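Please look at the sequence and the model shown here, and keep both in view while reading the report that follows.

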Amino acid sequence: MTTVRRDLHRHVESNPGVHFNELTRDLDIATGQAQYHLDRLLDGGRLATERLRGRTHYFPSGYDPIERRTLALLRRETVREIIVYALEHGEPSAAKLAAELDVARSTVSWHVSTLVDAGLAEKRYDAQGRTHIALTHPSKTEAMLTEVKPSLPDKLVDRFTRLVDASFPD
Amino acid sequence: MLQTVGEWLNGTEATVLLVVLALATLGTATLFVIGVVGYRRRGTTTYLLVAVALGLLVARSLVGFGTAMGMVPMPAHHLIEHGSDFAVATLILYALYRSGAPSPTT
């Protein structure tokens, strides 16, 4: 195995759920070269991917799809806060999440649909027709919380979207 | 590098200006990248307007470099800089205008 490929494999192993841009940035590899070696690692079954909201996340083998999607989303600051709040408070309503996390309703709604699309949460409706968010795999999700943390660029983008959502309500 | 600056600058001014321009380019380019990633994620008109406004801030810094290096003449510099100020203000005002009045949440 080439040095670049070994470095990529190692980096993914120590950062499960790292996304493509982060990989090329952290290892300072050209996009084409990274893509080539990642494809070879995927073909060889040494890595797996999940595509979430336009970004491809890379994982070492050994995680099931639910675990992979959980890790990928726990790397994003806002959705991580929503997950933590839902773990601590059962099935919060969307309005409660927006109020407690102090973010715009559109921010909550975007991240909740990401969670629902990923199969990690489902929407439930109470007697008043309010939306509540229920995690579908709470114990698995809780166990993975400490495995990954959001990186600085991810935090900045998340904070930017919260600012824009709050400044320019739909 | 100081030999290449415009005639209207002395050595010290040129150094300070180039440092400030470098910082401005770094800051605005970082913001612009964040804005583009935000737009790619959300894909809404609001995000597009904000990303374009941030892109214009990068363009201002680049034009500043052009003038400091003597490549963009002063009248063109002022026209572009103030024209882009107008464009940034218009983009953000339009984003605010189209965001509308608050509506009750369900």
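In chain A, strand β2 is joined to strand β3 (residues 55–60) by six bridges, and the two strands run antiparallel. Strands and helices here are DSSP runs numbered from the N terminus, a helix being H or I with at least four residues and a strand being E with at least two, and two strands pair if DSSP finds at least two bridges between them. This is a predicted model, in which local features need a pLDDT of at least 70 and side-chain atom pairs count only at pLDDT 80 or more, while totals for chains, interfaces and linings use all residues. Residues are numbered from 1 along each chain as its sequence is written, and chains are lettered from A and ligands numbered from 1 in the order in which they are written.

**The sheet of chain A**

Taken together, three strands of chain A form an open sheet in the order β1-β3-β2, with antiparallel pairing. Because β1 (18–19) and β2 (47–52) of chain A each have a single partner strand, they stand at the edges, and one side of each is left without a neighbour in the sheet. Helix α4 (residues 65–74) of chain A lies across β2 and β3 of chain A and runs at about 60° to β2(A).

**Two domains**

The domain assignment of chain A gives domain 1 (3–63) and domain 2 (69–167), such bounds coming from an automatic or database domain assignment. Their C-alpha centres lie 25 Å apart. Eight residues of domain 1 of chain A are in contact with 10 residues of domain 2 of chain A, where contact means that the C-beta atoms of two residues, placed from the backbone, lie within 7 Å. By class, the side of domain 1 of chain A that touches domain 2 of chain A has three nonpolar, two polar and three charged residues. In this scheme Ala, Val, Leu, Ile, Met, Phe, Trp, Tyr, Cys and Pro count as nonpolar, Asp, Glu, Lys and Arg as charged, and the others, Gly among them, as polar.

**Packed helices**

Two packed helices are described by the angle between their axes and the distance between the axes. Axes are lines fitted to C-alpha atoms, for helices over the stretch in contact, and angles run from 0 to 180 degrees between N-to-C directions.

| Helix pair | Angle | Axis distance |
|---|---|---|
| α5(A) (residues 77–88) and α6(A) | about 115° | 11 Å apart |
| α6(A) (residues 94–101) and α7(A) (residues 105–117) | roughly 120° | within 9 Å |
| α9(A) and α1(B) (residues 11–42) | roughly 70° | within 9 Å |

Angles under 35 degrees count as roughly parallel, over 145 as roughly antiparallel, 65 to 115 as roughly perpendicular and the rest as oblique. The packing angle of about 115° makes α5(A) roughly perpendicular to α6(A). Their contact is made by A:E81, A:I82 and A:Y85 of α5(A) and A:L97, A:E100 and A:L101 of α6(A), and these residues divide into four nonpolar, no polar and two charged.

The axes of α6(A) and α7(A) cross at roughly 120°, which makes α6(A) oblique to α7(A). In this pair A:A94, A:L97 and A:A98 of α6(A) meet A:R105, A:V108, A:S109 and A:V112 of α7(A), and by class the contact has five nonpolar, one polar and one charged residues.

**Where chain A meets chain B**

The contact takes 14 residues from chain A and 16 residues from chain B. On the side of chain A that touches chain B, the elements that give two or more residues are α7 and α9 (152–167) of chain A, and α9(A) gives the most, with five residues. By class, that side of chain A has eight nonpolar, three polar and three charged residues.

How do α9(A) and α1(B) stand to each other? They are roughly perpendicular, and the contact is made by A:L156, A:V157, A:F160, A:T161 and A:V164 of α9(A) and B:I34, B:G35, B:V37, B:G38, B:R41 and B:R42 of α1(B). The residues of this contact divide into six nonpolar, three polar and two charged.
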